[in-house]
Amino acid sequence: MIRGIRPLLRGSTYSGALFAYCGALASLPLLPFALLPALSWRSAPESVQIALVLLVWAVLVGVAGLARPVRRALVVSARRLLRVPLPNPVAGRPTSGSPGLDRWRTPLWLVLHVAVGWAGALASGVLFLMGVSLPGNWLGGEARASLFGTSVRVSDGWSSWVVAAVCILLAAAVCVLVTKTLRWSAPRLLGPSAAERLALAAERELLLAERNRIAHELHDSIGHTLTAATIQAAVAGEVLSADPEAARAAMRSIEESTRAALEDLDYVLGVLREEQSGTAPTRTLADLPELLDRLRHAGAVVEPELSGPLAQVQGTLSRAAYRILQEGLTNALRHGAGGPIEVRVAAGPDGLDLTVVNRTGARTRPGPDTFPTSGHGLPGLAERVKLLHGEFRSGPDGTQHWRLTCRLPAQVSA
């Protein structure tokens, strides 16, 4: 019983009914134009004239729904009054199978809106009027309730109050029915069409791809910089008294690496704020010597082995190779136990081979013993390499080493 009454007490029910009734009233200015064909055909039977007026009226209402501002206003109103989660209309190309159907969805909903609004307004209005007038026969005369030719006299006693209460409940039930009808039809007729759903999906895919790229940039640049700066600061603190020149070199390296990271951060913040952030800072294999120097200033022993025409590696291939090596070296700094870090870069006609090998076990150089990690580094690398159609492997190499290997095809550079 309580569940049956609860929908009658919801504010959204009556705001939805108000939305329907306002739509019915908004169609009144079109009624004089709908009367013109009936007035010009006075010889037709009355039923034909009524049907003609209703038909022309429905056509005029539907034509009004073809305007894009009308649909946008209906979507906003339905979202607020019907509490239906409808997205704003977007500009999308109609699909080959349903451009006409998509075009007439809004006019069909507007006609349904007006029809349901008028039917609900008349039914609930009559029932409410009966509910307030039957008790005590306030309108005077003989009170009767008639339906489909059947008339029942309502006495002045308790039966009039019962009938009045039933009428009020029925009026409220009509409001619920009107609201439910519009709530059911709004997503199907006002919701995104097939073309709009494709446009929304494409827009969301681009947004997710951009967010993923920004996350990669932040992880690669900021994560590496903070790791290197932390270790360099620890090295500077260790040798500050014994070797001031080495401490100053570590401080200069911290300054250079953080300045580069600030450039990346400014670009990413500009993208997030939808501002003109300028050209994205690009790091390529040409910046690899600088990256290796920063690691040396952090106290790491780096043993690079470069072969092949690296100067000819350009574009996406060069940028991806730099980021992969940067992440591999960052992991070596974070989790390595000291000792030499082997870096191999081999450029060939078929592609580019990258290898980073570091020692594992107890840490032997200055710096924190542990680093907080998100666990996104290696999965992010694997995802990046997969997008470039390359091969990626990482894992233990024997009992005391960790090896990261990657092969990128030469076609990426195109």
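Colleague: What percentage of the 414 residues in the chain is buried? And which residues meet where helix H5 packs against helix H7?

Modeller: First, a word on what you see. This is a predicted model, where local features need pLDDT of at least 70, side-chain atom pairs count only at pLDDT 80 or more, and totals for chains, interfaces and linings use all residues. Residues are numbered from 1 along each chain as its sequence is written, and side-chain values use heavy atoms, with hydrogens and water left out.

Now the whole chain. Buried residues make up 38% of its 414 residues. Buried means under 20% relative accessible area, exposed means over 50%, and partly exposed lies in between (1.4 Å probe, protein chains only). The accessible surface is about 23,600 Å², computed by the Shrake-Rupley method with a 1.4 Å probe, where for residues only the protein chains shown count as cover. Carbon and sulfur atoms hold 62% of that surface. There are 13 helices and 7 strands. These are DSSP runs (helices H or I, at least four residues; strands E, at least two), numbered from the N terminus. Take the contacts between residues at least 6 apart in sequence: 72% of them join residues at least 24 apart. Contact means heavy atoms within 4.5 Å.

Now your helix pair. H5 covers residues 68–81 and H7 covers residues 105–133. They pack at an angle of about 55°, and their axes are 11 Å apart. That makes H5 oblique to H7. Axes are lines fitted to C-alpha atoms, for helices over the stretch in contact, with angles from 0 to 180 degrees between N-to-C directions. Under 35 degrees counts as roughly parallel, over 145 as roughly antiparallel, 65 to 115 as roughly perpendicular, and the rest as oblique. The crossing of H5 and H7 is left-handed: the near helix is turned anticlockwise from the far one by less than a right angle, while clockwise would be right-handed.

Who meets whom? H5 brings Val70, Arg71 and Leu74. H7 brings Arg105, Thr106, Trp109, Leu110 and His113. By class, the residues of this contact are 4 nonpolar, 2 polar and 2 charged. Here Ala, Val, Leu, Ile, Met, Phe, Trp, Tyr, Cys and Pro count as nonpolar, Asp, Glu, Lys and Arg as charged, and the others, Gly among them, as polar.

Look at Thr106 in H7. Thr106 is buried, at a relative accessible area of 6%. Leaving out residues up to four places away in sequence, Thr106 touches Gly65, Arg71, Leu74, Leu189 and Leu190.

Next, Ala171. This residue sits in helix H8 (residues 158–189). Ala171 is buried too, at 7%. Ala171 and Ala121 are 50 residues apart in sequence, yet their C-alpha atoms are 9.3 Å apart. With residues up to four places away left out, Ala171 touches Ser124, Leu127 and Phe128.

Follow H5 onward. Arg83 lies in the loop between H5 and helix H6 (99–103). Its phi is near 60°, a positive value in a residue other than glycine. Most residues other than glycine have a negative phi.

Helix H3 (residues 31–39) and helix H4 (residues 46–64) pack at about 140°, with axes 8 Å apart. That makes H3 oblique to H4. Their crossing is right-handed. This contact has 11 nonpolar residues, 1 polar and no charged ones.
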